[in-house]
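Subject: Two-chain model, handover and notes

Hello,

Here is the structure for you to look at. My notes follow below it.

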Amino acid sequence: MDTRDAATLSVRVAFCHWFPSPFVDYHEHAMSRSNVILLVLLAAVALAILAAASLLHNGLSSRATPTSFEALLARNARHLAIPADARKKQNPIAASPENLRDARLHFADHCAICHGNEGTGDTMIGKGLYPKPPDLRAAETQKLSDGELFWIIENGVRFTGMPAFGGTHGSEEDSWKLVQFIRHLPQLSTDERMEMERYNPKGPGDRAEENEEEDFLHGVPMQQKPESSHHH
Amino acid sequence: MRAKLFTLLSAVLLMVTVVLAHGDKKHVVGTVEKINAGSIVVKTADGKSVEVKLLASTMYVSRVGNEDKSAQLSDLEVGDRVVIHATPNGETLEANEVKFSTKGAAAAAKSKP
């Protein structure tokens, strides 16, 4: 028997071992099944080791950016997680400047800390999350239905930094208004953004610094360091 | 065997580090010393000149009295007081927002009781 025949024979033996004929006796079949289970288990362990190695290689840091494959999987998982009837829901709130302003200030107070007033996600907290908050102005978000956006605001997204706001504050009406505001984000004006800044949550240090800067703009000599780090 | 496994698990847990995010914005406060095509040079209170790069996305805000108004780069003049919120990018600072008050506005606000 030459090497080629030996190789062919070994492949046949392996094939028969893992994929037995239906005519083999019960004992052989049972053994093969247990071997298949073992093989599946080994594959699962190997995958788990690979996943663990990948995570440890990155130090489990949330600084990393998800790969496009991960993002694709997550988007599809999120899509499947939203019930079909929820996706089809229409926004019951009438679009008006008053409702839009309510939502804008609500967003500034509750959402901007991660998403930023412009919805870019370019904030200290946003940059530190894994996955990063999406750019709400971008097509990936804007092409979601009103019902999907509402569902995400109300229920959050598991394994991300997006919490469920439903039932914890305000009403569903507030969430529907936020959906309107998310639609408006790509056209956010500078005046609207400046108004939002006044409603952003700030600590005493930030407030004091802001007041000093305002005083400086009003002609008061600068008292503090000319350059300062700012945590926002 | 169990002790080895415990040690290994402990080592793995120790490797898991929480990354604390740091603020990455800088505030540059001073008077406009020079306006270039793509940057502003600001003279700060300690006499240093700090150059801040201007981007297409940079927003300009004019402070008039107690109100902020949207403005343009062309509204800015040498001598104006500025507060620039900028993001460091390598050795350069990139302006996110330039808030300023004109020399006249600052003087008028200062003279008010």
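How closely do the axes of α5(A) and α10(A) come, and at what angle do they cross? Bear in mind that this is a predicted model. The two axes come within 8 Å, and the crossing is at roughly 90°. An angle from 65 to 115 degrees counts as roughly perpendicular, and α5(A) and α10(A) are therefore roughly perpendicular to each other.

On the α5(A) side, the residues that meet α10(A) are Asn99(A), Leu100(A), Asp102(A), Ala103(A), Arg104(A), His106(A) and Phe107(A). Their counterparts in α10(A) are Asp174(A), Lys177(A), Leu178(A), Gln180(A), Phe181(A) and His184(A). Sorted by class, this contact has 5 nonpolar, 4 polar and 4 charged residues.

Some of these residues also turn up in the largest nonpolar core, which has 20 residues. The members that touch the most others there are Phe107(A), Leu149(A), Phe150(A), Leu178(A), Val179(A), Phe181(A) and Ile182(A). Two or more residues come from each of α5 (97-110), α9 (146-155) and α10 (172-184) of chain A. Beyond its neighbours within four places in sequence, Leu178(A) is in contact with Ala103(A), His106(A), Phe107(A) and Ile153(A). A second, separate core has 19 residues, including Leu217(A), Val42(B), Val52(B) and Val83(B). In soluble globular proteins, nonpolar side chains tend to be buried together.

Now the chains as a whole. Chain A has 12 helices and 1 strand, and its pattern along the sequence is α-α-α-α-α-α-α-α-α-α-α-α-β. Of its 232 residues, 17% are buried. Among the contacts in chain A with a separation of 6 or more, 61% are between residues 24 or more positions apart.

Chain B has 2 helices and 7 strands, in the order α-β-β-β-β-β-β-β-α. Its 113 residues are 26% buried. For contacts in chain B with a separation of 6 or more, the share from residues 24 or more positions apart is 49%.

One residue of chain B for your list is Pro88(B), in strand β6 (residues 81-89). Is Pro88(B) buried or exposed? A residue with 12 or fewer other C-beta atoms within 10 Å of its own is exposed; Pro88(B) has 12 such neighbours, so it counts as exposed. In sequence, Pro88(B) and Lys26(B) are 62 residues apart, while their C-alpha atoms are 7.2 Å apart in space.

Regards

Definitions and conventions. Residues numbered from 1 in each chain as written. Chains lettered and ligands numbered in written order. Predicted model: local features only at pLDDT ≥ 70, side-chain atom pairs only at ≥ 80, totals over all residues. Helix = DSSP H or I, 4+ residues; strand = E, 2+ residues; numbered from the N terminus. Contact = placed C-beta atoms within 7 Å. Core = buried A, V, L, I, M, F, W, Y, C linked by C-beta atoms within 7 Å. Axes fitted to C-alpha atoms, helices over the stretch in contact; angles between N-to-C directions. Parallel < 35°, antiparallel > 145°, perpendicular 65-115°, else oblique. Nonpolar A, V, L, I, M, F, W, Y, C, P; charged D, E, K, R; others polar.
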